[in-house]
Amino acid sequence: MILYDYCRSSAAYRVRIALNLKGLAYEQVPVNLLQAEHRGEEHLARNPQGLVPAFEDNGVMINQSLAICEYLDDAYPQTAPLVAGTPADKARIRGLAQLIACDIHPVDNLRVLKYLVGELGASEEQKLEWYRHWIHEGFKGLERRLAESNQTGKFCHGDTPTLADVCLVPQVFNANRFETDLSAYPTIVRINEACNELKAFADAHPNLQPGA
Ligand SMILES: N[C@@H](CCC(=O)N[C@@H](CS)C(=O)NCC(=O)O)C(=O)O
């Protein structure tokens, strides 16, 4: 298994956590986003969107972090599932994961920030305001969903990490990197801390990756 990733990519961070939770060994090939390696032909052949991660297993190349995580569940059912339970449990886990991966992360992505500052002429201050605005928009709803549900446990869904936690931790890392005030989200902060006490999450931290 090969993960083409970048240390600070939160989508790749998700896959690193998922692989660690499932106890699957993998090789890492860094693709440096700051040097635009993701826009080069070598990486476009792996992911024509020019994004990381890309994941290769048994000669098959897979794109999109959530699809990669669900592939791991399907291809390696003997390992801890990331999405499990009744249809309603699975829908809740996927819903929480998608709230982060589909509704928060894409608008704060590197290419969006570059476009804001480059093509649209936003200042650094406006860029930061944009970044934090979309974190707050997403985290408001996420906090309420987590805090008001008795299905929330030590982690986002019960007392075992799931795909929702795999998405939550990198998003909180990003929020902290951009110095976002998270005091209004005690449940998110608590779950993030509980996750990071686990080796699978700690080992996936951006600072510990090649090229960090
Ligand atoms: N939906 C994709 C998102 C992938 C993505 O946005 N990757 C970012 C890093 S977190 C990236 O490659 N950004 C490069 C850029 O914006 O130029 C996934 O989940 O895999």
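Before I name any elements, helices here are DSSP runs of H or I with at least four residues and strands are runs of E with at least two, numbered from the N terminus. Please keep in mind that this is a predicted model, in which local features need pLDDT of at least 70 and side-chain atom pairs count only at pLDDT 80 or more, while totals for chains, interfaces and linings use all residues. Residues are numbered from 1 along each chain as its sequence is written, and side-chain values use heavy atoms, with hydrogens and water left out.

Around the ligand there are 16 residues, where a residue counts as near if one of its heavy atoms lies within 4 Å; the closest are Val-52, Gln-64, Ser-65, Asn-109 and Arg-111. Which element gives the largest share of this shell? That is α1, with three residues. Domain 1 (2-80) and domain 2 (87-200) both contribute to the shell, so the ligand lies between them; those bounds come from an automatic or database domain assignment.

Turning to polar contacts, meaning pairs of N or O atoms within 3.5 Å, where within protein one must be able to donate a hydrogen and the other to accept it, and residues adjacent in sequence count only if both atoms are side-chain atoms, the side chain of Ser-65 places an N or O atom 2.6 Å from a ligand oxygen. For Arg-14, a polar side-chain atom is 3.3 Å from an oxygen of the ligand, and for Arg-39 the distance from a side-chain N or O atom to a ligand oxygen is 3.3 Å.

Finally, some backbone details. Val-52, one of the closest residues to the ligand, is joined to Pro-53 by a cis peptide bond with omega of about 10 degrees, and Pro-53 sits in the loop between α2 (41-44) and β3 (54-57). Ala-36, although not a glycine, has a positive phi of about 60 degrees, and its place is in the loop between β2 (27-30) and α2.
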